[in-house]
Amino acid sequence: MNQMKSNNIFERVEKKYLLSNKDYELLKEKLLPFMKMDHYGLHTICNIYFDTENYELVRTSIEGPVYKEKLRLRSYGIPTDNSAVFLEIKKKYKGVVYKRRVSMTLEETKRYFKHGIHPSMDSQILKEIDYFIQFYHPVPKVYLAYDRIALYGMEDSDIRITFDQNIRSRMTELDLAEGDHGKYLLEKGAVLMEIKVPSAYPLWLAGILSDLMIYPLSFSKYGNVYKEQLIDERNGNLCLQAL
């Protein structure tokens, strides 16, 4: 399995880990002989997640099906209308993640979603996204941003590890150009790590994780924001009933 078939097509196994700040620092030190930081350094990733009106996609994802899919719009930093952004369709089947994306300007994405006007480029990936939109009729539901550091393997660059901090979200102002503010999802200092590999972990990586007793977990940024929103709504309704 190739982790990356092109800059816009990804196929890989992805696992997530929730780290304390202490574990994060220990792990970074142990990874130094094997991995390097990519040329972006610490950078901010901004996303708009799309879903049906009744949140069908995220509700299905939380149930842990064999197959699931989602659509998001991503930028690196806060974009302007002329900035390049990525419209991504992401599918997961039996633990393998398939991500396909197209690049266009933020202004082009607005014309695409509001009026169905394609950008000047066309591709098979965009046709897949067209079908997704025709089938689900998705709308913007959640804004998510986080500050990321990404590492890649010195001997095998297909091995990638990302560390996301300061994960924040909002369910209003669903426009990438509106800034990266939002409600924080994790406790201060917590780090969400994601390991992305073509198939099996190399022995050195499996050994480091075992030595530090770091284990994977099921974690969805969008899914957790959705569940927190349900809790907030339920508590709000209980307060109203108590009045």
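The crossing of H1 and H5 is right-handed, meaning the near helix is turned clockwise from the far one by less than a right angle. This is a predicted model, where local features need pLDDT of at least 70, side-chain atom pairs count only at pLDDT 80 or more, and totals for linings use all residues. Residues are numbered from 1 along each chain, and side-chain values use heavy atoms, without hydrogens or water.

H1 spans residues 21–31 and H5 residues 203–211; helices are DSSP runs (H or I, at least four residues). They pack at about 150°, axes 11 Å apart. That makes H1 roughly antiparallel to H5 (over 145 degrees, on a scale from 0 to 180 between N-to-C directions of axes fitted to C-alpha atoms).

Contact means heavy atoms within 4.5 Å.

| Helix | Residues in the contact |
|---|---|
| H1 | Leu27, Lys30, Leu31 |
| H5 | Trp204, Leu205, Ile208, Leu209 |

By class, the contact has six nonpolar, no polar and one charged residues. Here Leu, Ile and Trp count among the nonpolar, and Lys among the charged.

Conventions
Helix = DSSP H or I, 4+ residues; strand = E, 2+ residues; numbered from the N terminus. Parallel < 35°, antiparallel > 145°, perpendicular 65-115°, else oblique.
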